[in-house]
Amino acid sequence: MSKGSMVGNIAQDLGLDLKRLKSGKARIFSGDSKEYIELNKEKGTLLIKEKIDRESLCAKTTPCALHLQMILENPMEMYSVTVEITDINDNAPIFQTEEISFEISESAVTGARFMLDGAVDADVGINGLQSYSLQPTDHFVLELQSHADGGKNVEMVLKRPLDREQKERFTLMLTALDGGEPVLSGTVQIHITVLDVNDNAPVFTQKVYKASVIENAAKGTKLTTVGASDADEGSNGHVTYYISKVNEDGKELFMINRDNGEITLIGQIDYEKTNHYQLDIKARDQGGLSDSCKLIIDVVDINDNRPDITIISMSNSISEEALPSTVVAMMKVNDPDSSANGHVHCSIAENIPFSITSTSNNFFSLRTEQELDREKEAEYNITVMCSDEGVPSLSSSASLRLQISDVNDNAPVFDRRSYEAFVVENNTPGLSIFTVKASDTDSTQNARVSYILEDSKINGVPVSSYVSVSADSGAINALRSFDYEQLKDFHFRIKAQDGGSPPLSSNVTVTIKIQDQNDNAPQVLYPVQTGGSLVAEIVPRSADVGYLVTKVVAVDVDSGQNAWLSYKLQKATDRALFEVGPQNGEIRTVRQVTDKDAVKQKLTVVVEDNGHPSRSAVVNINVAVADSFPEVLSEFTDFTHGKEYNDNLTFYLVLALAAVSILFITCVVVIISVKIYRWRQSRIFYQSNLPVIPYYPPGYTDTGVTGTLPHMYNYDVCMTTNSRKSDCKYSTLGGQSVLVVDQSFTETLQRAMKEKSLLEDSDSPELQKPPNNDWRLPPNQRPGPSGQHRFHTLQQRWTPYEKSRAGARPEEAGAGAVGGTGPWPNPPTEAEQLQALMAAANEVSEATATLGPRYNAQYVPDYRQNVYIPGSTATLTANPQQQMPQQALPPPQALPPAEAPKAAPTPASKKKATKKDKK
């Protein structure tokens, strides 16, 4: 029957009123089976809910019926309802195999029977298997044998002997027919092979065998053993066993030993799939004769299946405004085990606002238990736990994730009840004053807050011309520059609105207070300053001390300390006569007015506020010291032509100070530059390449020998252009000592110091022995510069040769050599040389101080060297022919002869001389 077809009128059959069905909430309970029948409460009829297949419900069981219960409430009643399922011919007979093979001995006698595999028809009754037909029927006919259980065995009976020599193989067609309308049929081919001589068929000891096995039994488990005997001997008596027929789902579960008939388990048995198996076993000998029996196997159930949870319907999200008992999910829980092993109970956690109930057998629904609030919990992870009643109990769980969808049920909330901000006047338009902030506990669009400036007016002007509010951030910006003197404070309201539908909003009051700046100078109200006319205050000469001349009245439109005014007298003709009150601005006399006081008195009063920076105003007051008005008039006729006080005195004072500072800095820079210039000139002069010729005293006293030296030694010394680095070398020529000045030699003072180390070594063959003790001179008579002449150090190297020095003739020595005649005295000791150098240094310092303008870098006189030989009265004079002209210098001018002044004794020279005299 199709869905919705009426099965019967249960209300009429049970004699129940339709109202009773409605009030009693009548429902059909079908137990564990699928709901095929449903109840129509309006009509009281049973209807087909699902298509019914009798073969799947009852198989071969007849009659086939659905056992239902109709349950009523208030009062609770239950009625048992049995619905019988009648069969229709919707299944054709089916053979288990596509073909059947027989090997039949030709000696088979007429009437021999051959068991055939029967067909299977799922239908029952007249629609089930009814008859068989065999074609052709030349040698065989069919016979049916009925069993007590209703089954039928099909046997093929030989009606005419076979002759292998005539026909060795036969092919027959076996047809199975049912009794339905129309008739359905199934066919199978039978292949017969004719064998020789076997006249005894095997015979089983039992026609029906029974066995039981626990589900999930291990493979290889032995179930039972069947046996058959054959009266023949030899190979014709050997019996083999095989399974000829088995349930569709048991073909690969069982195996029989072909030799001994032992049946073992080779697959996995599941009670939930099949709890009963039936096997047809055949025993056949070598001649093709066979016998058959049945084996019935019962499967024993164990609790090996966990409950299976199937989500039939589920909501991924639910609104937070959902009512209690709203169904969130529907589940079916199935446990294929039987009896207590298949009874299931489900539960969830207790700390969530949900509950699970069973609507019918194995069906559960998840419902809300109380109101939901997304702001407290936006998501729930619900775990449903289902367990059976087996021992031990098995359970399974399923997790459901449920989102709580937001409803716009919360308005934005400001973080303050009211806002107050301060803005300094004279602000820049567009200045950000501050930011309001509102939050919304809803989510997504419902939590998006926009800020709106509510319409209002300030002194008749819309507030939108004063400030603006950012719709996204809530930042408040000033649209104009505020003036404290015009507007001290104002307030307005800001609305925060979310993006829900419908939108929710809240508002807050914002107060803006303008802070004062000292942007207004004091204004003098009295005395009034006029441009053209002259106003003067008259003070009689008889005025006493403290006489009130006038009062300066001033105001400042600023507020607070910016409006506190102070008065001071800046300028007055006679400061000792008047004073001004610092707080009240009253001008009073300080002393008694006398006749000596001038008639014309001019006062300048400065009014200053207390702001930072402070602002001020100046008022000029003319005061006349007189007893009558004509006297005042005669004295003040030319008063206005007087010199006007400069209001910009401060500016000019600052300007003058800056000019003086710049002049001072310029002078300092010039002085430093001159100092640097002089220092650089002195350095340049010191490093100059111009020659400097030393001067020595005209003579020395002979203290070493007796008599005189008749020979005169004449030396010409020619210096190089870099005289500071010159050196003297002494060489021998023709057995005579010659003093040679080498221009290319650049021996420095360091080399001379090395020479000293050689002089200290008395054993050196290159050094001449120190002079005798008779050669002694006082420090002021030793060679060196004297007078107003520049000293230049001449480094000399003493080369001993036969303990004497002889100079060549000037014409033999050549340029750059000093010539002389006669023996050369022994050189001075090192100590004497050092004393001479120290004395020369002292004389140089004194000579430099008295040099004057005659000595400069442009002109250097050509001094000659006068050498006096100790122990001789001869004087070495300059040879004009030996003089070397100096390039880039003018010819020397003749200077008046002057005696070389004695070197001024210094403390160092005095000390050295004293030591020398003591020796």
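This is a predicted model: local features need pLDDT of at least 70, side-chain atom pairs count only at pLDDT 80 or more; totals for chains, interfaces and linings use all residues.
Visitor: What makes C346 and C386 a disulfide?

Guide: Their sulfur atoms are 2.1 Å apart, and since a disulfide is a pair of cysteine sulfur atoms within 2.5 Å, C346 and C386 form one. A search of the whole structure finds one disulfide. C346 lies in strand β28 (residues 344-347) and C386 in strand β31 (residues 379-388), so the pair ties together parts that are 40 residues apart in sequence.

Visitor: Why is the disulfide of C346 and C386 called right-handed?

Guide: The torsion about its S-S bond is about 105°, and the disulfide of C346 and C386 is therefore right-handed.

Visitor: Why is C293 called buried, and why is C667 called partly exposed?

Guide: Buried means under 20% relative accessible area, while partly exposed covers what lies between that and 50%. C293 has a relative accessibility of 2%, so it counts as buried, whereas C667, with a relative accessible area of 40%, is partly exposed.

Visitor: What makes E77 and R20 a salt bridge?

Guide: The closest N and O atoms of E77 and R20 are 3.1 Å apart, and a salt bridge asks for a Lys or Arg side-chain nitrogen within 4 Å of a carboxyl oxygen of Asp or Glu, so the pair qualifies. This pair links distant parts of the chain, with E77 in strand β6 (residues 77-85) and R20 in helix α2 (residues 18-23), 57 residues apart. At 28% relative accessibility E77 counts as partly exposed, whereas R20, at 16%, counts as buried.

Visitor: How do you know that K294 forms a salt bridge with D280?

Guide: Their closest N and O atoms are 2.9 Å apart, which is set against the cut-off of within 4 Å, and K294 and D280 therefore form a salt bridge. K294 lies in strand β24 (residues 290-300) and D280 in strand β23, so the pair ties together parts that are 14 residues apart in sequence. Both K294 and D280 are buried.

Visitor: Why are β17 and β20 said to stand at the edges of their sheet?

Guide: The sheet is open and has four strands in the order β17-β24-β23-β20, with mixed pairing. β17 (208-214) and β20 (240-245) each have a single partner strand, so one side of each is left without a neighbour in the sheet. The twist averages 30° from one strand to the next. Five bridges join β20 to β23 (residues 276-284), and these two strands run antiparallel; the bridge partner of Y242 in β23 is K282.

How values were computed
Residues are numbered from 1 along each chain as its sequence is written. Side-chain values use heavy atoms; hydrogens and water are left out. Two strands pair if DSSP finds at least two bridges between them. Axes are lines fitted to C-alpha atoms, for helices over the stretch in contact, and angles run from 0 to 180 degrees between N-to-C directions. Buried means under 20% relative accessible area, exposed over 50%, partly exposed in between (1.4 Å probe, protein chains only).
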